[in-house]
Amino acid sequence: MDLTELRETARLARLSMDEDELRMALPAFEQMLSFFAVMREADVFGILPDGETAETRSSLRAGCFRTDTVSAPTEQDTAETFLAQAGERADRFITVPNVLPESV
Amino acid sequence: MILPEGFIQYAQEWEAKINAFIELHFDAGGERGPTAQCGNIHPKALKLIRGFPCAVKDNIAVQNMRMTCGSKLLEQFRPPYSAAVTAKLEAAGGMVIGKTNLDEFGMGSSTANSAFKITRNPWDLSRSAGGSSGGSAAAVAAGIVPYALGTDTGGSIRQPAAFCGIAGLKPTYGAVSRFGLAAYASSLETAGVLADTIDRCRAVFSVIRGRDPRDQTSRDVPAAAPPLYPMAADGNTGAGKKIGVLSAPALAPALAVNSISANNAAVPEAEVMRGLQLARERLAALGHTLVDIEIPGLRYAVPAYYTIACAEAASNLARYDGVRYGGNRYGGRIEAVENVHTIVDETRRAGLGPEVKLRILLGAFVLRSGFQERYYLRAQKIRAGIRAAFETVLGDSEYRRQAQCDAILMPVFPVRAFTMDQAALSPFAQKAADLYTCCANLAGLPALAFPASVEGGIPIGVQLMGRAFAEGTLFDIAETYERQFPFPRPRGYQSWWS
């Protein structure tokens with residue numbers, strides 16, 4: 001593991017980390033990866049990964065997870081509640097920063 | 001809400017010392033409930049919940065309160081609805097007085113990873129209350145609330161419960177709805193209870209459990225599962241259970257590997273082993289049969305757990321992008337940017353702490369093309385093996401096979417509450433020390449932590465792991481213990497909620 005690999009992983013993870021931050025994270029990252037490496041010794045021949053049981057496969061094959069229904073909210077208009085979460089808003093619109101400089 | 005005279009001052013004095021809450025109100029409204037939404041509640045349960053205050057870990061939604069998840073990124077976030085668990089409690093007459101501190105997004109074992117404050121242990125203020133539900137545990141241990149909700153992804157309810165000398169239940173995966181929880185590692189985590197007594201822990205669990213159409217992984221209790229409340233008219237039927245013990249020789253193979261790579265972090269200190277031995281002797285004296293058991297594959301449990309947890313975290317936390325969550329409310333408004341990537345990058349750079357970034361990095365790495373087979377898929381196979389090993393002892397979740405034991409007794413954490421000095425237990429050592437707790441999450445099984453004894457003025461917790469949906473059995477056993485050996489309280493504790 002080197003800084004280049006870590007930098008690329010950070011980019012894929014949408015983490016903007018500068019060189020100092022990456023350098024500081026590297027030892028803990030390497031320590032955990034070497035901890036994970038112990039798993040190589042495990043005999044997992046013939047074991048299906050967890051979550052892939054016959055039961056879940058047949059339920060997926062059946063084309064439905066479950067037949068529950070969720071009733072729609074009836075108590076109030078939730079639009080205003082959700083809009084209230086917006087950082088900036090204009091009436092019923094959420095405003096976001098300009099994505100192009102004004103000179104363009 | 002009618003609070004006892006003198007209580008507010010009592011709570012404020014404790015809170016000034018322990019920092020359990022991110023948000024705390026003593027005016028949570030008038031006495032409520034039970035309402036029609038609370039369903040059929042056992043009368044005993046209602047008596048222990050109705051009209052009493054409670055606290056909720058700050059990664060569980062409570063309408064009209066903030067939900068920071070211990071993160072700067074969500075410092076101002078107010079969820080527009082309550083989680084299923086809090087709504088159920090409120091419908092039963094429980095009153096939420098505050099949101100408790102935690103490690104950011106539940107990632108840690110000490111609350112030191114909270115962006116806001118460090119929670120102190122009521123037994124000794126120089127020591128950690130544990131984590132990640134450290135705020136909930138400390139609030140209950142200090143008597144500010146009789147019970148609190150927490151979440152447990154790899155031990156986050158049981159470890160702080162053990163550190164603070166209270167009861168802590170991690171329910172069966174699927175027994176409690178996750179609707180309204182901030183997702184960290186969806187296949188491992190569950191909401192659960194921290195409480196002053198086993199009786200109250202059982203009561204709260206009886207209210208919050210149940211299938212919820214808004215959580216596809218939740219389900220009803222199988223018909224063959226033991227009842228949550230004893231059926232016998234004369235009360236507890238907990239006597240005479242068969243309890244397997246993961247003793248020192250049984251743990252040796254797992255510890256041998258861990259000791260090389262994790263600096264002995266998972267090897268229990270002498271006091272913890274004495275606490276386990278004492279619990280074993282006392283349970284035997286109470287009429288239970290204790291037998292040594294082994295669980296193969298334990299040595300791989302913690303690496304597999306962190307591989308899966310980090311992979312799921314990398315995926316779940318991708319939503320914090322500054323648009324859907326963590327917008328420009330924090331850190332000032334971003335005036336103009338060249339593209340949307342800047343919003344995402346800037347939000348995550350400034351909003352997420354170093355431990356969260358480390359786990360996202362690890363998760364992104366193990367999911368990268370070419371590495372999945374080596375890490376993630378292998379971890380999932382190990383998980384399946386560990387689940388099968390526990391089911392061999394405890395029986396399967398569908399109640400088709402006979403069980404060898406009713407429960408498994410094991411330590412919670414290899415050390416008692418550690419001091420807040422960073423050198424006491426490094427972040428890496430804290431992860432390796434999850435050996436005893438993460439198994440229940442990998443296997444999806446219930447586990448109940450409770451105080452076995454006090455050594456050197458600090459409580460020692462043990463835990464009972466059980467068959468899927470057999471929480472009732474665990475409560476029954478722990479209750480026989482508590483009746484003979486009432487749970488200890490820290491100095492200055494006052495009981496307000498009997």
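A: **Rings, strands and core**

K17(B) lies over the face of W14(B), 4.6 Å from the ring centre, and R200(B) is placed over the face of F52(B), at 5.2 Å from the ring centre; a charge counts as sitting over a ring if NZ of Lys or CZ of Arg is within 6 Å of the ring centre and within 35 degrees of the ring normal. This is a predicted model, in which local features need pLDDT of at least 70 and side-chain atom pairs count only at pLDDT 80 or more, while totals for chains, interfaces and linings use all residues. Residues are numbered from 1 along each chain as its sequence is written, chains are lettered from A and ligands numbered from 1 in the order in which they are written, and side-chain values use heavy atoms, with hydrogens and water left out.

F52(B) also belongs to a cluster in which ring pairs link it with F7(B), Y10(B), F26(B), W496(B) and W497(B). Rings of Phe, Tyr and Trp (its six-membered ring) pair if their centres lie within 6.5 Å, and planes under 30 degrees apart count as stacked, over 60 as edge-to-face and the rest as tilted. Under this rule there are 20 aromatic pairs over all chains. One of them joins F105(B) and Y320(B), whose ring centres are 5.0 Å apart and whose planes meet at 40°, so the pair is tilted. This pair links distant parts of the chain, 215 residues apart, with F105(B) in the loop between β3 (95-100) and β4 (120-121) of chain B and Y320(B) in the loop between α9 (301-316) and α10 (340-351) of chain B. Helices (H or I, at least four residues) and strands (E, at least two) are DSSP runs, numbered from the N terminus.

F105(B) is buried at 3% relative accessibility, and Y320(B) is buried with a relative accessible area of 4%; buried means under 20% relative accessible area, exposed over 50% and partly exposed in between (1.4 Å probe, protein chains only). F205(B) and F475(B) form another tilted aromatic pair, at 6.3 Å centre to centre and 50° between the planes. F205(B) lies in helix α6 (residues 198-208) of chain B and F475(B) in helix α15 (residues 471-484) of chain B, so the pair ties together parts that are 270 residues apart in sequence. F205(B) is buried, at 1% relative accessible area, and F475(B) is buried at 0%.

From the rings we can turn to the strands.

Strand β12 (residues 447-455) of chain B has eight of its nine residues buried, so it is largely enclosed by the rest of the structure. Three bridges join β12(B) to strand β7 (residues 167-170) of chain B in an antiparallel arrangement, with L448(B) as the bridge partner of L169(B). β12(B) also pairs in the antiparallel sense with strand β13 (residues 458-466) of chain B, over eight bridges, and P451(B) has G461(B) as its bridge partner in β13(B). β12(B) and β13(B) form a hairpin with two residues between them, and G456(B) in the turn has a positive phi of about 60°.

The largest nonpolar core has 156 residues, and F390(B), I408(B) and L409(B) are those with the most contacts inside it. A nonpolar core is a set of buried Ala, Val, Leu, Ile, Met, Phe, Trp, Tyr and Cys residues joined through side-chain atoms within 4.5 Å.

How values were computed: Pairing = 2+ DSSP bridges.
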